[in-house]
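Hi,

Here is the structure I said I'd pass on.

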Amino acid sequence: MRPTAKFSLSFGLVTIPVAAYNATDPTAAVSFVRIHTADGGRVRNQPVCSLEGTEVSPDEIGRGYRTDDDAVVPLTDDDLDALPLPTAKTLTILAFVAGGDIDPLQMGKGYYLGADGPAAAKPYALLRDTMERHQRVGLGKIALHGRETLAMIRPVADVLVMQVLLWPHQIRPMTGVLPEGEVKVAPNEVRAAETLMDSFGELSEDDVHDHYREALEEIVAAKLAHREPAFETGEERPAGQVHDLMAALQDSVRAAQRARGETEGTEGADGTAGSGGGARPAGRTATKTAPRKSTAARKSAERQPAKRAAAGTAKVGTAAKKSAAAKRAGTKGTGTKATGSGKGAEKTARTAPGTAAAKQSTGRGRKAG
């Protein structure tokens with residue numbers, strides 16, 4: 001890489017010559033060109049003089065400062081070099097603070113700082129290791145590209161990185177952004193949201209992959225080949241206004257667990273999903289999740305109790321029918337007392353021995369009936 005600027009980094013009485021390199025690649029971002037829709041021709045920005053109405057060559061273009069009354073004052077390179085700025089050639093660190101004290105809204109473009117010359121290697125490593133050990137970042141000012149700016153110096157791996165910071169007056173106030181009126185959040189909603197946060201896993205390589213760029217390149221390739229673009233069909237996320245916040249939180253927990261191949265657990269004391277799984281709200285049908293390979297043996301072991309529970313449910317249903325028939329005939333049988341009518345059958349089914357899978361089988365049996 002070629003350096004974009006060279007200056008000195010001042011750390012007390014220690015001066016470190018450094019070279020700044022662009023840390024980001026603007027060409028890697030998706031960009032479009034403007035075209036004439038009638039014939040596909042490029043629409044270019046032509047530098048035109050507002051007074052003469054003619055195109056201006058690059059060597060005739062200078063810079064000017066526009067005042068509050070819309071007057072433009074021409075400024076030359078000599079004018080800018082004459083500015084009494086000690087930051088023109090040196091970035092002096094003014095303070096060391098914790099990285100969390102910097103508002104992320106102020107962070108701008110990043111630069112890698114490399115030691116410029118063999119003599120700068122040792123003080124460079126000294127500053128880097130000291131900030132790394134004390135978990136501090138350096139704040140200072142530097143003049144870059146004709147203007148002075150705040151800058152933050154921080155160690156990243158074995159390199160010092162300079163982050164350009166916006167001035168505080170460049171951050172707009174938050175007036176008019178907050179919702180009108182006081183918004184009250186119930187404690188159980190906070191606990192449900194915390195459970196949802198805990199259900200999120202770590203970022204994967206696929207999460208930080210630029211799928212938009214790949215999809216755009218597929219569209220371009222399909223147009224060049226006169227074919228339809230081939231896209232993988234993914235799960236469409238539901239959108240719309242949330243009417244039941246608690247139900248939405250619980251559904252989100254279950255969706256996150258299904259995405260990781262986990263099984264749903266039991267409800268918490270407050271009706272929210274516990275750490276091992278999500279709660280099922282009343283009136284919802286339980287859905288099976290895709291089991292992990294590591295739980296295949298456990299699922300196989302649970303099939304036998306499920307079958308026995310299903311058979312028990314069938315027997316209860318048969319006993320209930322016989323009891324109902326006996327009651328209509330005016331007979332008081334012990335079978336009626338043991339199992340009762342439909343409600344007694346459900347009670348017997350709920351108390352039948354078995355695992356959670358047996359309960360699901362019982363629910364499906366009643367639904368089918």
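Below is what turned up, going from the whole chain down to single residues.

Keep in mind that this is a predicted model. The chain has 369 residues, and 22% of them count as buried. Its secondary structure comes to nine helices and nine strands. The accessible surface is about 27600 Å², with 55% of that belonging to carbon and sulfur atoms. If you take the contacts with a separation of 6 or more, 56% are between residues 24 or more positions apart.

Now the barrel. Seven strands close into it, in the order S1-S2-S6-S9-S8-S7-S5, with mixed pairing. From one strand to the next, the twist averages 40°. Here are some of the pairings:

- S1 and S5 run parallel and are joined by three bridges; Leu9 stands opposite Leu91 in S5.
- S2 and S6 run antiparallel, with five bridges between them; Tyr21 stands opposite Tyr112 in S6.
- S5 and S7 are also joined by five bridges and run antiparallel; Ile93 stands opposite Gly140 in S7.

Which strands does H2 touch? H2 packs on the sheet and is in touch with S1, S2, S5, S6, S7, S8 and S9. The direction of H2 makes about 70° with that of S9.

On to the cores. The largest nonpolar core has 20 residues, and the members that touch the most others are Phe7, Leu9, Leu91, Leu113, Ile153, Leu160 and Met162. At least two residues of this core come from each of these elements: S1 (5-11), S2 (14-22), S5 (90-97), S6 (107-115), H2 (121-134), S7 (137-144), S8 (147-156) and S9 (159-165). There is also a second, separate core of six residues, among them Ile102, Val137, Leu150 and Met152.

Not counting residues up to four places away in sequence, Leu113 touches Phe7, Val18, Ala19, Ala20, Tyr124, Ile153, Val159, Leu160 and Met162.

Is Gln163, which has 12% relative accessibility, buried or exposed? The cut-off for buried is under 20%, so Gln163 at 12% counts as buried. Gln163 is found in strand S9. Leaving aside neighbours within four places in sequence, its contacts are Met107, Gly108, Lys109, Gly110, Leu150, Ala151, Met152 and Arg154. Leu150 and Met152 in that list also belong to the second core.

Away from the strands, there is Val56, which sits in the loop between S2 and strand S3 (63-66). With neighbours within four places in sequence left out, Val56 is in contact with Pro47, Val48, Cys49 and Ile61. The C-alpha atoms of Val56 and Gln46 are separated by 8.2 Å, the two residues being 10 apart along the chain.

Last, a quick check on helix geometry. Helix H4 covers residues 211-224, and at 1.5 Å a residue its 14 residues should span 20 Å. The expected span is 1.5 Å times one less than the number of residues. The end C-alpha atoms of H4 are 20 Å apart, so the two values agree. After H4 comes His226, which has a positive phi, near 55°.

Cheers

Notes: Residues are numbered from 1 along each chain as its sequence is written. This is a predicted model: local features need pLDDT of at least 70, side-chain atom pairs count only at pLDDT 80 or more; totals for chains, interfaces and linings use all residues. Side-chain values use heavy atoms; hydrogens and water are left out. A nonpolar core is a set of buried Ala, Val, Leu, Ile, Met, Phe, Trp, Tyr and Cys residues joined through side-chain atoms within 4.5 Å. Buried means under 20% relative accessible area, exposed over 50%, partly exposed in between (1.4 Å probe, protein chains only). Helices (H or I, at least four residues) and strands (E, at least two) are DSSP runs, numbered from the N terminus. Contact means heavy atoms within 4.5 Å. Two strands pair if DSSP finds at least two bridges between them. Axes are lines fitted to C-alpha atoms, for helices over the stretch in contact, and angles run from 0 to 180 degrees between N-to-C directions. Accessible areas come from the Shrake-Rupley method with a 1.4 Å probe; for residues, only the protein chains shown count as cover.
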